[in-house]
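Here are my notes on the model, point by point. Please read them with the structure open.

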Amino acid sequence: MIRSSSPLTMLLSRHTRRREFITLLGAAAWPVATYAQQPTMPTIGFLNQESAELAAHFASGFRKGLSETGFSEKKNIAIEYRWAEGHYEQLPELAADLVNRKVEVIAAAYLPAALAAKAATSAIPIVFISGVDPVAAGLVDSLRRPGSNLTGLSNFNTSLTAKRLELLHEIVPRASAIAVLVNPKSPASQTIDAGAEVAARALGLQLEVIAASSEGEIDAAFATIVQRGAGALLVAGDAYFNSRRAQLTALAARLRLPAIYDRRDIVMASGLMSYGINNFDMYRQAGIYTGQILNGAKAADLPVQQATKVELVVNLKTAKSLGLELPTSVLLSADESH
């Protein structure tokens, strides 16, 4: 026989179920409240004059350096990436945006990005990578004691211009004139010009400095190189030129013009040879410095580090297509040959 529940029993049952529901609801809301009270992750601003595609490998080096100091993207830090894609005029706006977002540190590569970041803030720490002397460029007071909110790494890339000219002279000894292609929109172009002139005089070479900052100007520049009788070409390190590597290497091949670059990845894209620093390691070191600042170090107390490892990379297939027989001294000095 089924007994019907009494009114009192039904009332107590409803009360119990309501209390259990409230308890369950409170338990479900507890993690949300706890999550809301957790501190937000520190954010790093990553300001780069290149494109995300071309600098992807180097950005991974930066993250590797961060991991060596205990930081991992999306786990305990966030990174705001800003890419100028070779358009230097966009860097001030990109730097200002990072400042407005109140990032804890700005990592800036290279000189144009560093100058834009410095102009945007005197409070937020800045870790730079510079291809020129950062003291002469006005980034820091001295290498040992930066004395401001900036520190970083310098590869003195433009100081390697003399060696690049020597290498060209060695593989094309009969060339009395060598062209240097520069981007006039880059703040580093004047430093490159000065270093190249000094090195050329020491080698007894005539230097033809030619400017280009667009696709059409690059085509015109190569025509000028031929007209002036230059026997080889030095392409200055530049973000825009890196983005036009296919055009540069194709023109050099078509005109059978031996050319040297500052980055090994251009040699991997059929350039003849490169002489420059290990960029991956530079970005890794910048990541380490950024992590140290997040851990409490002050930029003013971190001395500017200088790159010590320089690499010579040659493309044997390209040399053959140009009809060049590379000297044994160059081949023995090469860190890589392909």
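1. Start with the contacts. Among those in the chain between residues at least 6 apart in sequence, 70% join residues at least 24 apart. Contact means heavy atoms within 4.5 Å. This is a predicted model: local features need pLDDT of at least 70, side-chain atom pairs count only at pLDDT 80 or more, and totals for chains, interfaces and linings use all residues. Residues are numbered from 1 along each chain as its sequence is written, and side-chain values use heavy atoms, with hydrogens and water left out.

2. Overall make-up. The chain has 13 helices and 13 strands. Helices (H or I, at least four residues) and strands (E, at least two) are DSSP runs, numbered from the N terminus. Of the 338 residues in the chain, 47% are buried. Buried means under 20% relative accessible area, exposed over 50%, and partly exposed in between (1.4 Å probe, protein chains only).

3. Helix 3. This helix spans residues 91–100, and its buried residues are Leu-91, Leu-94, Ala-95, Leu-98 and Val-99. Seen down the axis of helix 3, they fall within an arc of 145°, so they line one face of the helix. The arc is that of the directions from the helix axis to the C-beta atoms. An α-helix has 3.6 residues a turn, so residues three or four places apart point the same way. On the other side of helix 3, Glu-93 and Asn-100 are exposed.

4. What helix 3 packs on. Its buried residues pack against strand 1 (43–48), strand 2 (78–83), strand 3 (105–109) and helix 4 (111–120). Lys-102 follows helix 3 and has a positive phi, near 55°.

5. Helix 5. In helix 5 (residues 161–171), the buried residues are Thr-161, Arg-164, Leu-165, Leu-167, Leu-168 and Ile-171. Down the axis of helix 5, these fall within an arc of 160°, so they line one face of the helix.

6. Cores. A nonpolar core is a set of buried Ala, Val, Leu, Ile, Met, Phe, Trp, Tyr and Cys residues joined through side-chain atoms within 4.5 Å. The largest has 54 residues; Phe-62, Ile-129, Leu-168, Ile-171, Met-273 and Tyr-283 touch the most other members. Helix 11 gives the most to this core, with five residues. Apart from it lies another core, of 26 residues, among them Ala-84, Leu-91, Ala-95 and Ile-126.

7. Ile-171 in detail. Leaving aside neighbours within four places in sequence, Ile-171 is in contact with Pro-258, Leu-272, Met-273, Leu-324, Leu-326, Pro-327 and Val-330.

8. Largest pocket. Its lining comprises Leu-54, His-57, Phe-58, Arg-263, Arg-264, Asp-265, Ile-277, Asn-278, Asn-279, Phe-280 and Glu-311. Helix 2 (56–67), helix 10 (264–268) and helix 11 (279–294) are the elements that give two or more residues to this lining. A pocket, on a 1 Å grid over the protein atoms alone, is an open set of points where a 1.4 Å probe fits, with protein on both sides within 12 Å along at least five of seven lines; lining residues have an atom within 4 Å of a point.

9. Arg-254 lies in helix 9 (residues 245–254) and is exposed, with a relative accessible area of 61%. Arg-254 and Leu-322 are 68 residues apart in sequence and 9.2 Å apart in space, C-alpha to C-alpha. Ser-122 sits in the loop between helix 4 and strand 4 (126–130). Ser-122 is exposed, with a relative accessible area of 68%.
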